[in-house]
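The following exercises are meant for a reader who meets this structure for the first time. Please study the sequence and the model before reading each solution.

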Amino acid sequence: MRGSLILIEGLDRSGKLTQAEILAKKLDADLVKFPDRLTPIGQIINRYLTDKTFDLPDQSAHLLFSANRWELAKLLEEKLLSGKSIVMDRYIYSGIAYSLAKKGAEMDSYDWLYGPDRGLPKPDLTLFLTISLEELSSRKGYGEERYEQIEFQKKVKECFLNILDLKDPAIAIVDVQGLPIEPVTAKLWSEVESRALHQPIDREISHFS
Ligand code: T5A
């Protein structure tokens with residue numbers, strides 16, 4: 001028996017962290033946020049996101065985000081196997097969608113973007129929070145970081161919806177437009193419960209192949 005791996009994805013300020021914290025508490029799970037800005041690679045990513053004078057080729061930035069996930073991959077698997085559940089805030093879908101939205105050189109090749117993440121543990125459930133760009137841009141602090149511009153976020157949203165495989169039962173699109181925090185939690189919890197992911201799981205960890 002092992003813990004479950006649950007991912008919350010969405011645009012900037014869509015409420016991922018708020019919900020990840022609540023779900024982690026309800027599940028007695030660990031919370032893992034990507035990018036993890038405290039690791040050696042995460043510190044470079046943090047500078048890239050917050051210092052607009054620190055530029056990197058788009059390809060380098062993409063590979064750094066993936067490398068940041070690999071920094072934690074072993075730890076994630078060990079925790080799951082020890083019976084601990086994990087709630088993640090962002091993961092490989094953010095990696096692909098944000099890079100795809102930039103559309104430069106190989107950056108629009110899905111295979112190139114997906115390649116570095118092959119082999120990472122695959123979430124048992126991915127919850128994508130969907131919300132209007134107008135509601136997002138009115139939230140506290142919006143616009144402070146590199147990617148927080150409405151036109152770019154519009155492209156990111158389209159890219160997310162293109163890459164998420166809606167036929168995959170482990171992926172759910174959750175409409176949170178206009179909803180306060182508690183009703184959003186109720187929607188997410190029903191997706192978790194309906195798949196029995198609030199209980200220990202009796203199957204092996206899947207990996208992105
Ligand atoms: N990125 C990331 C890549 O390009 N490639 C990658 O591989 C990865 C992993 C930083 C950037 O990195 C990019 C994407 C990002 O641009 P981040 O640190 O996750 O990633 O940045 P944000 O998504 O901007 O993180 P935030 O913490 O700002 O947004 P959250 O987590 O979505 O939102 P949250 O929960 O902090 O809430 C934002 C505000 O809204 C309020 C909260 O109180 C808060 O003030 N709020 C609500 N208000 C009303 N109704 C609700 N239901 C609300 N829920 C929350």
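The model is predicted: local features need pLDDT of at least 70, side-chain atom pairs count only at pLDDT 80 or more, and totals for chains, interfaces and linings use all residues. Residues are numbered from 1 along each chain as its sequence is written, and side-chain values use heavy atoms, with hydrogens and water left out.

**Exercise 1. Salt bridges between loops**

Determine which parts of the chain the salt bridges Lys84–Asp28 and Arg37–Glu145 tie together.

Step 1. Side chains of opposite charge can pair when their charged atoms come close. A salt bridge is a side-chain nitrogen of Lys or Arg within 4 Å of a carboxyl oxygen of Asp or Glu. This rule gives a count of 16 salt bridges.

Step 2. Lys84 and Asp28 form such a bridge, with 3.7 Å from N to O. Because Lys84 belongs to the loop between α3 (58–81) and β3 (86–89), and Asp28 to the loop between α1 (16–27) and β2 (30–33), the pair joins parts that are 56 residues apart in sequence. Helices (H or I, at least four residues) and strands (E, at least two) are DSSP runs, numbered from the N terminus.

Step 3. The side chains of Arg37 and Glu145 meet at 2.9 Å, N to O. Arg37 lies in the loop between β2 and α2 (40–50) and Glu145 in the loop between α6 (133–137) and α7 (150–163), so this bridge ties together parts 108 residues apart in sequence.

**Exercise 2. Accessibility of the partners**

Step 1. Buried means under 20% relative accessible area, exposed over 50%, and partly exposed in between (1.4 Å probe, protein chains only).

**Exercise 3. The ligand**

Describe the surroundings of the ligand: how many residues surround the ligand, and which are the closest?

Step 1. A residue is counted if one of its heavy atoms lies within 4 Å of the molecule. The ligand is surrounded by 28 residues, and the closest are Asp12, Lys16, Thr18, Arg69 and Arg90.

Step 2. α1, α3 and α4 (92–100) each contribute at least two residues to this shell.

Step 3. A polar contact is a pair of N or O atoms within 3.5 Å; within protein, one must be able to donate a hydrogen and the other to accept it, and residues adjacent in sequence count only if both atoms are side-chain atoms. An N or O atom in the side chain of Arg90 is 2.6 Å from a ligand oxygen. A backbone N or O atom of Gly15 lies 3.0 Å from a ligand oxygen, and a polar backbone atom of Gly95 is 3.3 Å from a ligand oxygen.

Step 4. On its own the ligand has 1000 Å² of accessible area, of which the protein covers 84%. Areas come from the Shrake-Rupley method with a 1.4 Å probe; for residues, only the protein chains shown count as cover.

**Exercise 4. Two residues compared**

State where His62 and Ser82 lie, and whether each is buried or exposed.

Step 1. His62 is in helix α3 and is buried, with 2% relative accessible area. Its side chain reaches the backbone oxygen of Gly95 at 3.5 Å.

Step 2. Ser82 is in the loop between α3 and β3 and is exposed, with 59%. From C-alpha to C-alpha, Ser82 and Gly3 are 7.4 Å apart in space, although 79 residues apart in sequence.
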